[in-house]
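Subject: A structure for you to look at

Hi there,

Here is the structure I promised to pass on. Please open it next to this email and follow along as you read.

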Amino acid sequence: MEALLKSSEASHLADSLADLGVESRELHRPWTQCHLRKYLLTRKRFHLGPTVDDMALCNPGDLVADLKVDEDLAKKLVDGAKEAQLFEKRKTAIQSTWKTVGDSLGVEATKLFYKRLFEQYPDVVPMFGDANMDEQAEKLLKTVSLAVEYLKDVPALIPILEDLGAKHATDWKVQKEHYDAVGECLLWTLETGLGDAWTGDVAEAWTWVYGVIGSTMSGAGEKAYFEKRKEIIQSTWKTVGDSLGVEATKLFYKRLFEEYPEVVPMFGDADMDKQAEKLLKTVSLAVEYLNDMGELVPILQGLGEKHAKEWKVKREHYAPVGASLLWTLETGLGEAWTEDTADAWTWVYGVIADTMADAGDKAIAEEEKE
Ligand code: HEM
Ligand code: HEM
């Protein structure tokens with residue numbers, strides 16, 4: 001994304017170094033634009049003054065030798081120009097072929113697209129529920145057209161895609177892998193619509209632009225989904241804490257030992273009231289630390305290691321604990337236990353358990369090596 005932003009900015013570059021992110025004070029001598037223009041003009045291949053294309057043809061070695069700029073800067077200038085040139089090439093390919101598809105197929109293209117999507121990836125059908133698919137096709141057409149149009153102003157496009165991605169994730173549970181499916185079908189539709197005009201360069205340009213759109217939307221979606229789950233977890237944990245407190249964890253152990261008596265001996269002669277306190281504290285900590293996953297991970301790894309080494313807890317033990325935890329929350333929350341709440345807790349327990357179990361496996365493997 002950064003590269004895209006940079007290159008689009010650079011696309012406005014005509015003869016200004018500043019547009020390539022280079023300040024003149026970065027040059028060893030006070031090489032102003034004017035000097036550079038003269039320099040480039042004396043090299044015969046530049047007859048119109050330096051443009052992105054000229055710069056892209058330049059060899060960084062020339063700049064180093066003749067302008068005495070340092071190698072990093074020379075590389076930055078030439079790479080920036082190459083990127084900008086490639087961006088222009090892709091933009092032209094995308095805009096012209098989108099026009100062709102629009103002229104020949106129009107909204108039929110998006111209907112073709114949904115037909116393909118639903119045939120190849122039937123899993124996504126329920127996501128669309130009772131959406132009117134003709135209207136949906138219109139919307140998709142409009143959005144892709146908008147995206148194609150906005151390629152001239154990428155910085156303005158990004159927040160639109162981010163909002164759209166957040167909505168896709170939180171309202172319709174669209175995830176990363178769905179973007180791959182949609183991308184494959186979009187490219188197939190374009191290929192079908194364009195026939196012979198679908199060349200290698202055109203395919204490359206569309207693959208690239210869809211990659212940018214898809215990763216911007218799915219990245220923003222992941223972030224929004226994480227925030228939503230975090231909020232659910234933190235608020236429901238507070239509810240359970242307020243109403244049940246440590247009773248919740250006692251309830252949890254009762255359930256665990258009843259449903260999975262095979263884990264009872266692991267706890268040996270542990271004081272189960274204290275144990276309940278400890279568990280409550282750790283879950284509270286984990287819930288709190290969702291604000292800072294970077295801090296949480298090493299704590300969980302340490303805990304996972306201790307579980308594996310001291311109490312012989314294995315990966316398969318995490319599932320019964322998870323089931324009992326979810327049951328406890330469901331019991332404690334009553335009506336407040338919704339589908340979204342279940343989803344959020346299942347997810348967070350999965351992350352915690354995987355982190356602990358992975359660290360446990362690693363610790364055991366290292367122990368066995370010694
Ligand atoms: C390039 C990527 C995509 C673009 C540009 C796009 C565009 C749109 C737009 C503009 C809407 C209407 C939003 C609204 O009504 O507020 C929409 C809705 C929707 N999109 Fe996407 N979308 C993309 C990817 C996906 C993916 C990967 C999926 C999942 C397979 C998906 C599933 C949906 C669903 C389920 C709706 C709601 C339909 C309804 O019930 O109204 N979209 N999309
Ligand atoms: C989300 C997962 C889990 C969390 C957050 C968690 C948390 C904790 C904590 C904080 C302690 C006290 C550690 C200490 O005293 O240093 C502990 C101890 C213990 N945990 Fe876990 N645990 C988890 C999963 C499991 C699983 C899957 C098992 C096996 C069924 C298990 C069995 C034990 C045992 C046997 C002890 C030691 C009790 C004692 O003798 O003091 N835990 N756990």
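Let's begin with a pair of helices. The axes of α5 (residues 71-104) and α7 (residues 133-149) come within 10 Å of each other and cross at roughly 145°. Axes here are lines fitted to C-alpha atoms, for helices over the stretch in contact, with angles running from 0 to 180 degrees between N-to-C directions. Helices are DSSP runs (H or I, at least four residues), numbered from the N terminus. The crossing of α5 and α7 is left-handed, a term for a near helix turned anticlockwise from the far one by less than a right angle. On the α5 side, Ile94, Gln95 and Trp98 make the contact, and they meet Leu141, Val144, Ser145, Val148 and Glu149 of α7; contact means heavy atoms within 4.5 Å. Five of these residues are nonpolar, two are polar and one is charged. In this scheme Ala, Val, Leu, Ile, Met, Phe, Trp, Tyr, Cys and Pro are nonpolar, Asp, Glu, Lys and Arg are charged, and the others, Gly among them, are polar.

A word on the source: this is a predicted model, where local features need pLDDT of at least 70 and side-chain atom pairs count only at pLDDT 80 or more, while totals for chains, interfaces and linings use all residues. Residues are numbered from 1 along each chain as its sequence is written, chains are lettered from A and ligands numbered from 1 in the order in which they are written, and side-chain values use heavy atoms, leaving out hydrogens and water.

Now to ligand 1. Donors are N, O and S atoms within 2.8 Å of the metal (3.2 Å for Na, K and Ca); water is not among the atoms, so sites may look incomplete. Of the 19 residues around ligand 1, Lys139, Thr143, Lys167, His168 and Trp172 come nearest, where being around it takes a heavy atom within 4 Å. Oxygen atoms of ligand 1 lie 3.0 Å from a side-chain N or O atom of Lys139 and 2.5 Å from one of Lys167. Two or more residues of this shell come from each of α7, α8 (154-172), α9 (176-194) and α10 (200-243).

Next, ligand 2. Its iron also has a single protein donor, His307 (NE2), at 1.9 Å, and His307 belongs to helix α13 (residues 293-311). Among the 19 surrounding residues, the closest are Lys278, Thr282, Lys306, His307 and Trp311. An oxygen of ligand 2 is 2.9 Å from a side-chain N or O atom of Lys278, and for Lys306 that distance is 2.4 Å. The shell of ligand 2 holds 13 nonpolar, four polar and two charged residues.

Enjoy exploring!

Terms used:
A polar contact is a pair of N or O atoms within 3.5 Å; within protein, one must be able to donate a hydrogen and the other to accept it, and residues adjacent in sequence count only if both atoms are side-chain atoms.
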